[in-house]
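Take a look at the model below. The paragraphs after it walk through its parts, one at a time.

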Amino acid sequence: MPTSERDREVLGAQAGLASAVAVETGSELGEIEQVRARGYWEQVWRRFRRDKVAIGGGIFIVLLFLIAFAGAPLAKDWLGHGPNDVYPGTALDPQTQLPVGPWAHFRSGPGGLPCVSGIPCKSQLFILGADSQLGRDEFLRLLYGAQTSLEVAIGATVLSMFLGVLLGAIAGYFGGVIDALISRLTEIVMAFPILLFIVALASTVGPRLNDFTLGIFGKGVLTLVFVIGLFAWYYPARIIRAQILSLREKEFVEAARMVGASDWRIIRSHLLPHLVAPIIVYSSLIIAQNVLLEAGLSFLGIGIPLPTASWGNLLSSAPDYYLTQPWLMLWPGFAVLLATLAFNLLGDGLRDAFDPRGAH
Amino acid sequence: MIRYLIRRLLWAVVLFVAITIITYIIFFMIPTDPARKACGQLVTPACVKSARHYLGLDRPVYIQYYKFLERLVVHQSLGRSFANRQNINSIIGRAAPITASLVFGGAVTWLLLAIPIGILSALRPRTLLDRSAMVFVLVGISAHPVWIGLIFSWFFGYKLGITPIAGYCEAFSPPQGAACGGVVQWFYHMILPWITFAILFAALYVRMIRANVMETLNEDYVRTARAKGAPESRVMFKHVLRNAMLPVVTMLGMDIALGLGGAVFTESVYSLHGLGQTLVQSLSGDDLPTTQGIVVFGTLAIIVFNLIVDLLYAFIDPRIRLT
């Protein structure tokens, strides 16, 4: 970050002085331009705006959401078939009997079966080809997979952040026995081979929870949200605890306590606003990790159950066509790479924007 | 020093108890009916009844847990598999060396990659080398290990044919009828898995080492050493690197533990029949004792490993020895 530009920023604390100087040096009364202190969020936005890479990440994420939640249904209407529709006899290459390749046109009757005279037959277009011998549309599955992956990643992040901030804030603020208990709990969770536990828990809890969708999520999404969120809270908890430990010794907390504010009020209106920055930054970085984790678990066959599409289970069926259609492993892999990269870049950019001293 | 040792040992025991309780809950209380699973394909009321008795499910929960712990501590036995009645200790005995060679070889690989790259990019910030290192970091933490594995094994194994596509070779005493064996073959088969496994951690370590070295370079004692006229090599090795590498040692212990879980992905891509692959198989076969055995064993390994790292750390860092 170029220092000259940063120096030109009028910082909140100096705004009083700056306006006084402006009044004294103004030649005539009434010509003075109004000097206004920039608010905290305005400064953050100004710093963030200069970070082109992070802006790129942010724009990509917005596009990804649009594609996943608006683009996927549109594409489904336009193509005339759904992501879970199977074309068992028709979406195959006539010579090799392998799934059709990218940009394939073919004709099929009802149920995806071959055309028979007398029954209406429709032309279908598979933009990225078929996903397997069952003949599902890889392109649509990729778009709908984005929905699943984003739901899991964001849901698990919200849950783990909520648990982490709650436990971290309580431990840091109250100290003593409560802090000791929560800190030991954090250490126990940290000492776990977390991935082994997630794998094991997903498999034992999964069959019971998979049908629980609240009507809006795909099958198995809430299982993964629950399982990942339950084991991933320790990292935010440690960060928030450390922050609260230093904040609670500050004068403004003392002042609030002196005028008789309750603990809950101090935490909510004096401490939490200072934690917004780390919460946003780490949420972005943890979402990136959770996209990877969902893909990994679904790859192992314990995440999102078929036929619901997710990037992980697209990746897991790809090795079946390893030698003949290697592109099937490219698409979901690229999707995961780009989504994770975007959230990582956004998170790094936000961190630098919130805390310019830490940037190098 | 003695107090520190005792504290660490006691903590390891607490962890062990906590972890066995949680695994017990996960494996024998959450699943609908372990006895039914124990019978597998032959679910008859008689079988379920005897299995329930055999597994002790007709007794109170705390007795069940106590029996489990007793078997584990006194007999060092993890039980028998539901799938083929094999002793789980011997299943783990076959799988553990594979995972160990993946994880430790991977750790060596990621250190060999990360230490030079991290130090060089800290010494020459904003150069082409530093910028490419940062791109490597971003891609390394964003690409899925499974995907990297699939692409590598397709490209290097299938397209170029310079490495095996998948599979494992025993380094010492390969079993009768094995396709390959010996240290050279073992190394040859492990190259791709090691690199695949190492990329994520290498990326994290490049970033960490770079930040540590840059921070240490600004310390007062480094300036003092330079002012005294110490040669640059002495400043680097004695003052900068020694201090910059201390946190790396702690992280290494934790990350090898983390990697034990992450090995699942690499193993399943390269069909290495290590702990992760066995775990996944036992999951799909509803083989609860094997799953549980692997989780307990993995956790124990991590506790012991962390204990060793803590003790090593006390020898490296004199500040701990004094307290």
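What follows goes from the chains and their domains to single helices and residues.

This is a predicted model: local features need pLDDT of at least 70, side-chain atom pairs count only at pLDDT 80 or more, and totals for chains, interfaces and linings use all residues. Residues are numbered from 1 along each chain as its sequence is written, while chains are lettered from A and ligands numbered from 1 in the order in which they are written.

Start with chain A. It has 13 helices and two strands. Helices here are DSSP runs of H or I with at least four residues, strands are runs of E with at least two, and both are numbered from the N terminus. Of the 360 residues in chain A, 41% are buried. A residue is buried if 20 or more other C-beta atoms lie within 10 Å of its own, exposed if 12 or fewer, and partly exposed in between, with C-beta atoms placed from the backbone. Now consider contacts: two residues are in contact if their C-beta atoms, placed from the backbone, lie within 7 Å. Among contacts in chain A with a separation of 6 or more, 69% join residues 24 or more positions apart.

Chain A is divided into domain 1 (86-135) and domain 2 (138-358). Such bounds come from an automatic or database domain assignment. The centres of the two domains of chain A, taken over C-alpha atoms, are separated by 39 Å. Domain 1 of chain A puts 11 residues into the contact, and domain 2 of chain A puts in 13. The domain 1 side of this contact in chain A has seven nonpolar residues, three polar and one charged. In this count Ala, Val, Leu, Ile, Met, Phe, Trp, Tyr, Cys and Pro are nonpolar, Asp, Glu, Lys and Arg are charged, and the others, Gly among them, are polar.

Chain B is divided too, into domain 1 (2-75) and domain 2 (92-316). There, 12 residues of domain 1 of chain B are in contact with 12 residues of domain 2 of chain B. On the domain 1 side, α1 (2-29) and α2 (34-39) of chain B each supply at least two residues. The largest share, nine residues, comes from α1(B). By class, that side has eight nonpolar, two polar and two charged residues.

How do the chains meet? In all, 35 residues of chain A are in contact with 36 residues of chain B. On the chain A side, the elements giving two or more residues are α6 (176-191), α7 (194-209), α11 (263-299) and α13 (327-354) of chain A. The most come from α7(A), with 10 residues. This side of chain A divides into 27 nonpolar residues, eight polar and no charged.

Now turn to single helices. The expected span is 1.5 Å times one less than the number of residues. Buried residues of α9(A) include A:Tyr234, A:Ile240 and A:Leu247. Seen down the helix axis, the buried residues of α9(A) fall within an arc of 150°, so they line one face. That arc is taken from the directions from the helix axis to the C-beta atoms. These buried residues pack against α5 (138-174), α6, α10 (251-258) and α11 of chain A.

In chain B, helix α7 (residues 145-159) has 15 residues and reaches 20 Å, close to the 21 Å expected. Among its buried residues are B:Trp147, B:Ile148 and B:Phe152. The buried residues of α7(B) pack against elements of both chains: α11, α12 (311-317) and α13 of chain A, together with α8 (183-217) and α11 (246-269) of chain B. Just after α7(B), B:Gly161 takes a positive phi of about 65°.

Helix α8(B) is not straight. A straight helix of 35 residues would span 51 Å, but α8(B) spans only 42 Å. It bends by about 40° at B:Ile199. The bend is the angle between axes fitted to the seven residues ending there and the seven starting there. B:Ala211 lies in α8 of chain B. With 16 C-beta neighbours inside 10 Å, B:Ala211 counts as partly exposed. The C-alpha atoms of B:Ala211 and B:Gly118 are 8.3 Å apart, though 93 residues separate them along the chain.
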